Amino acid sequence: MNLEAEYDLDFYAWIRKNVELLRRGRLSEIDVEHIAEELESMGKRDLRQLRSRLQILVMHLLKWQYQPDKQSKSWLVTIDHQRDEIEALLLDSPSLRGELEQGLARVYPKAVRDACRETGLPERTFPLSCPFEIEEILAQSFLPDCR
């Protein structure tokens, strides 16, 4: 079976074969185009994961700030977990740190939407732009003051 067919029919076998070819230095035999596509996809996946975790984290920080009477240990666990996962992503791929500001601007409206749905609070309750700085959001000890 050629590499193109393996890629389409048995992805795991395709990976193993290409890894072996790379390790043996048989570069002329590797499936260059699909390897490039997969590497690009991996980068996009990490960026999506960073944004997703940031959205969840910001939503919980908003809930913490704007619904103090409902604060719970499970919210704290979610906040800590999202921070831990973002930290792990940034340790593995430090260049993703440069995507945080733009990512925050993209996910903040979605975090507000989610906070509205979970709390029942109207959208006007929340600021138009994120009230937290990236450094605060990621700081293990930061919890916003209650409004």
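**Reading helix packing and burial**

Tutor: Let us start from a single side chain: Gln-82 has a relative accessibility of 6% and therefore counts as buried, and, as with everything we discuss here, that value belongs to a predicted model.

Student: What cut-off lets a residue be called buried, and where in the secondary structure does Gln-82 lie?

Tutor: The general idea is a threshold on relative accessible area, with residues under 20% called buried and those over 50% called exposed. In this case Gln-82 belongs to helix α4, and, once residues up to four places away in sequence are set aside, Gln-82 touches Arg-53, Ile-56 and Leu-57.

Student: Is Arg-53, one of those neighbours, buried or exposed, and which residues does Arg-53 touch in turn?

Tutor: Arg-53 has a relative accessible area of 16%, so this residue is buried. Arg-53 is part of helix α3, and, leaving out residues up to four places away in sequence, the residues that Arg-53 touches are His-81, Gln-82, Glu-85, Ile-86 and Leu-89.

Student: How should I read a residue that is partly exposed, and what is the relative accessibility of Glu-87?

Tutor: The class in between buried and exposed is called partly exposed, and Glu-87, with a relative accessibility of 44%, therefore falls into it. Glu-87 lies in helix α4, which covers residues 73–92.

Student: At what angle do α3 and α4 pack, and which residues make the contact?

Tutor: An angle over 145 degrees between two axes counts as roughly antiparallel. Here α3 and α4 pack at about 150 degrees, with 9 Å between their axes, and the two helices are therefore roughly antiparallel to each other. The crossing in which α3 passes α4 is left-handed. From α3 the contact includes Asp-46, Gln-49, Leu-50, Arg-53 and Trp-64, and from α4 it includes Trp-75, His-81, Gln-82, Glu-85 and Leu-90. Sorted by class, the residues of the contact of α3 with α4 are 12 nonpolar, 5 polar and 5 charged.

Student: How does α3 pack against α5, in angle and in the distance between axes?

Tutor: Helix α3, residues 32–66, and helix α5, residues 100–119, pack at about 50 degrees, and their axes lie 7 Å apart. This angle makes α3 oblique to α5. The crossing of α3 past α5 is right-handed, and the contact of α3 with α5 is made up of 12 nonpolar, 3 polar and 7 charged residues.

Student: Which residues does Tyr-108 touch, and is Tyr-108 buried or exposed?

Tutor: Tyr-108, which is found in helix α5, has a relative accessibility of 4% and so counts as buried. Its contacts, not counting residues up to four places away in sequence, are Val-58, Leu-62, Phe-126, Pro-127, Leu-128, Ser-129, Cys-130 and Pro-131.

Student: What of α2 and α3: at what angle do they pack, and which residues of α2 and α3 make the contact?

Tutor: Helix α2, residues 11–23, packs with α3 at about 105 degrees, with the axes 12 Å apart, and that angle makes α2 roughly perpendicular to α3. On the α2 side the contact is made by Phe-11, Trp-14 and Asn-18, and on the α3 side by His-34, Ile-35 and Glu-38. By class, these residues of the α2 and α3 contact comprise 3 nonpolar, 2 polar and 1 charged.

Student: Stepping back to the whole chain, how many helices and strands are there, and why is the chain called more spread out than a compact globule?

Tutor: The chain has 6 helices and 0 strands, in the order α-α-α-α-α-α along the sequence. Its radius of gyration is 21 Å, well over the 15 Å that the globule rule gives for 147 residues, so the chain is more spread out than a compact globule. Taken along the principal axes, the C-alpha atoms fill a box of roughly 65 × 25 × 25 Å.

Student: What share of the residues is buried, and what share of the contacts with a separation of 6 or more joins residues 24 or more positions apart?

Tutor: Of the 147 residues in the chain, 37% are buried. Among contacts with a separation of 6 or more, 68% are between residues 24 or more positions apart.

Methods. Residues are numbered from 1 along each chain as its sequence is written. This is a predicted model: local features need pLDDT of at least 70, side-chain atom pairs count only at pLDDT 80 or more; totals for chains, interfaces and linings use all residues. Side-chain values use heavy atoms; hydrogens and water are left out. Axes are lines fitted to C-alpha atoms, for helices over the stretch in contact, and angles run from 0 to 180 degrees between N-to-C directions. Helices (H or I, at least four residues) and strands (E, at least two) are DSSP runs, numbered from the N terminus. Angles under 35 degrees count as roughly parallel, over 145 as roughly antiparallel, 65 to 115 as roughly perpendicular and the rest as oblique. A crossing is left-handed if the near helix is turned anticlockwise from the far one by less than a right angle, and right-handed if clockwise. Ala, Val, Leu, Ile, Met, Phe, Trp, Tyr, Cys and Pro count as nonpolar, Asp, Glu, Lys and Arg as charged, and the others, Gly among them, as polar. The radius of gyration is taken over C-alpha atoms; the globule rule is 2.2 Å times the number of residues to the power 0.38. Buried means under 20% relative accessible area, exposed over 50%, partly exposed in between (1.4 Å probe, protein chains only). Contact means heavy atoms within 4.5 Å.
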